Structures are given as C-alpha cells and as structure tokens.
Amino acid sequence: MNSRDIILQRLSERSGGKLHQPECDFSVLERPSSSVTERVEQFQKIIESVHGEVHRCTPESWIPQLSGILSSRGARNLLIPAAHQIGRALRDSGRDDLPELLIYDEPVTSWQAHLFNEVDASITSTRGGIAETGSLILWPTPDEPRLMSLVPPIHIAVLEASGLYTTFHEAMRVQNWKSGMPTNALLISGPSKTADIEQTLAYGVHGPKELIVLVIE
C-alpha cells in the first residue's frame, strides 16, 4: 500500500463516518436568458471599459473593416493562421489594401527575432466569448499558437456573435470543457496592462498594446 492509499484509507475510516462527495450547486452562477444582441451589447460595453475595441461586422464586411483598421494603425504586416478559415479567407480575398500577410507555418526558433521585432499585428479566431466579463476564449492550436495573441503589439480577434455566452460557467457547460481541456486555454479581457507603485497604468508591457475584436453578426 502506497502513501496515497494509506491516506485515503485513513480518511475512509475516520470516526465521523464515511465521507460522501457533496452535490455541486452552480445555481449562484446562473443568469437570466438573454438574446444574442443583448449579449453583444453587454460584451462590447465591458471590454471597451478596459481599453478594448469592438467592431461589429457581417460575414461580408469584416475583411474591408479589418483593412481600414490596419490602415489607420499604419500596420506593415499581419500574422495569420495557415489552415484556419480566417487565414484562407484573407489570402483568397484578392484585396490589395491589406498589409503583407505573414503565415505562421514554421517553428518559432527559426524566426523569433522577426516575430518579436518586425510583426505589427496578428489575427486569430476565438472559441467564444463571455458577455458578463467582456472576455474572449482562445484555445491555442498548432495552427494558432499562443504566441500569435501574445507577441504582436496589435491583436485582432474574430468572434462569432452566436458564440457569446452569458457567463463563464455557461461557456464551460455548453462546450463540455470537462471532456478534454487543452494544455493552454486563454481568457482575454482587454489589452495587456500593468501599473507601477505610483499606479501609473501602462499598456503593452507584457503583451499586445491593443486588443481589437471583430464581432461577426
């Protein structure tokens, strides 16, 4: 019998009787149902309150709007996924008003200096969003590794309005997170920010300086 079994045996033989797993009660996390429009409005209000930026788009307008956003920032290039539909749509758009499209398709060690010093912006998909906290859910993959949303100074995230949940608990329950978590899941609620002892807030010190969300309705 190993140490773990000894501990469990002692617990089961405790004088207070057999231990039982208590029933979970998540009712405190439940919220009244709301429409997609209401969730989008709540999400936009909260994420903009913490310096995030939201653009409401349609499946037809998101690329032209993205082009305008990048042009207004003077972005020289945009890091895109190789396989995801977002990357394919941008490559196939045929637009000449987009900046240079960089495909993330090689190990970071082979182009680390370029990634950290020369890439102006990146775009990623999202697994959904949380209206209550104004948060994005990112589930990094080899096609969209975490560095895409962490390193470039401008991170643009594409969020389907139908993928907005009222609460974090609802997102986990509906998407059945308990069936398999990735090694890394991200909840992003605004651009990277930090403050010194004098409470001077600075953006972009440890991550993107700007977070721009394209909500596809």
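Mentor: Happy to, and let's take serine 149: with a relative accessibility of 7%, serine 149 falls under the 20% limit and therefore counts as buried. Keep in mind as we go that this is a predicted model. Serine 149 belongs to helix 6, which covers residues 147-150. What does serine 149 touch, once residues up to four places away in sequence are set aside? Its contacts are Ser122, Leu138, His155, Leu186, Ile188 and Pro208.

Two of those contacts lead us into the strands. Serine 122 stands opposite histidine 155, a residue of strand 7, and both of them are touched by serine 149. Strand 4 and strand 7 pair in the parallel sense, over 5 bridges. Strand 7 takes in residues 154-160 and is mostly covered, with 6 of its 7 residues buried. Strand 7 also pairs with strand 12 (residues 210-216), again in the parallel sense and over 7 bridges.

Now let's follow the chain back from strand 4. Aspartate 120 sits in the loop between helix 5 and strand 4 (121-125), while arginine 76 is in the loop between helix 3 and strand 2. The side chains of aspartate 120 and arginine 76 meet in a salt bridge, at 2.8 Å from N to O. Is aspartate 120 buried or exposed? Aspartate 120 counts as buried, at 15% relative accessibility, whereas arginine 76 is partly exposed at 47%.

Arginine 76 has a further partner, glutamate 118: their side chains form a salt bridge at 3.8 Å, N to O. Glutamate 118 lies in helix 5 (residues 112-118) and arginine 76 lies between helix 3 (62-73) and strand 2 (77-80), so this pair ties together parts 42 residues apart in sequence. Glutamate 118 is partly exposed, with a relative accessible area of 33%. Behind such pairs is a simple idea: side chains of opposite charge can pair when their charged atoms come close.

To put these pairs in context, a search of the whole structure finds 8 salt bridges. One of the others joins aspartate 97 and arginine 95, at 2.7 Å from N to O. Aspartate 97 is partly exposed at 35% relative accessibility, and arginine 95 is partly exposed too, at 34%. There is also a network of salt bridges that links Glu53, Arg73 and Glu210.

Leucine 11 is placed in helix 1 (residues 3-12). At 42% relative accessibility, leucine 11 counts as partly exposed, while serine 149, where we began, is buried at 7%.

Terms used
Residues are numbered from 1 along each chain as its sequence is written. This is a predicted model: local features need pLDDT of at least 70, side-chain atom pairs count only at pLDDT 80 or more; totals for chains, interfaces and linings use all residues. Side-chain values use heavy atoms; hydrogens and water are left out. Helices (H or I, at least four residues) and strands (E, at least two) are DSSP runs, numbered from the N terminus. Buried means under 20% relative accessible area, exposed over 50%, partly exposed in between (1.4 Å probe, protein chains only). Contact means heavy atoms within 4.5 Å. A salt bridge is a side-chain nitrogen of Lys or Arg within 4 Å of a carboxyl oxygen of Asp or Glu. Two strands pair if DSSP finds at least two bridges between them.
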